[in-house]
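Please keep the sequence and the coordinates in view while reading.

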Amino acid sequence: MTLNELKLRHSALLSARYSGTRSVSYDGKTVNYGTDAELAAAIGDVERRIAKLERGAGRVLRPFALKDL
């Protein structure tokens, strides 16, 4: 999933939660959440995925040692 798709999904989830509904429609699919906790968990998951994509690959550390003889 691309960053733009995740942001669209995030905004759809937030608008559904703030409006009091438990169903979200995107990409021609409708998802019904049983409780507000499930909806909050879905929002948290999407936020983690967005943060991971925005953060990038990160730094790669390659430790090495030299010994003088």
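D45 is located in helix α2, where helices (H or I, at least four residues) and strands (E, at least two) are DSSP runs numbered from the N terminus. With a relative accessible area of 28%, D45 is partly exposed; buried means under 20%, exposed over 50%, and partly exposed in between (1.4 Å probe, protein chains only). Its C-alpha atom lies 20 Å from that of S19, a residue 26 positions away along the chain. The model is predicted, so that local features need pLDDT of at least 70 and side-chain atom pairs count only at pLDDT 80 or more, while totals for chains, interfaces and linings use all residues. Residues are numbered from 1 along each chain as its sequence is written, and side-chain values use heavy atoms, with hydrogens and water left out.

Helix α2 (residues 36–55) packs against helix α1 (residues 3–19) at an angle of about 155 degrees, the axes being 10 Å apart. Axes are lines fitted to C-alpha atoms, for helices over the stretch in contact, and angles run from 0 to 180 degrees between N-to-C directions. The two helices are therefore roughly antiparallel, a label for angles over 145 degrees. On the α1 side, the contact (heavy atoms within 4.5 Å) is made by L3, L6, K7, R9, H10, L13, L14, A16 and R17. The α2 side includes L39, I43, V46 and I50. By class, the residues of this contact are twelve nonpolar, one polar and seven charged; Ala, Val, Leu, Ile, Met, Phe, Trp, Tyr, Cys and Pro count as nonpolar, Asp, Glu, Lys and Arg as charged, and the others, Gly among them, as polar.

H10, in helix α1, is buried at 16% relative accessibility. Beyond its neighbours within four places in sequence, H10 is in contact with I43, V46, E47 and I50. R9, also placed in α1, is buried with a relative accessible area of 19%. Apart from residues up to four places away in sequence, R9 touches M1, Y26, D27 and V46.

The largest nonpolar core has twelve residues, among them L6, L13, Y26, L39 and V46. Such a core is a set of buried Ala, Val, Leu, Ile, Met, Phe, Trp, Tyr and Cys residues joined through side-chain atoms within 4.5 Å. At least two of its residues come from each of α1, β1 (23–26) and α2, and α2 gives the largest share, five residues.

Technical notes:
Angles under 35 degrees count as roughly parallel, over 145 as roughly antiparallel, 65 to 115 as roughly perpendicular and the rest as oblique.
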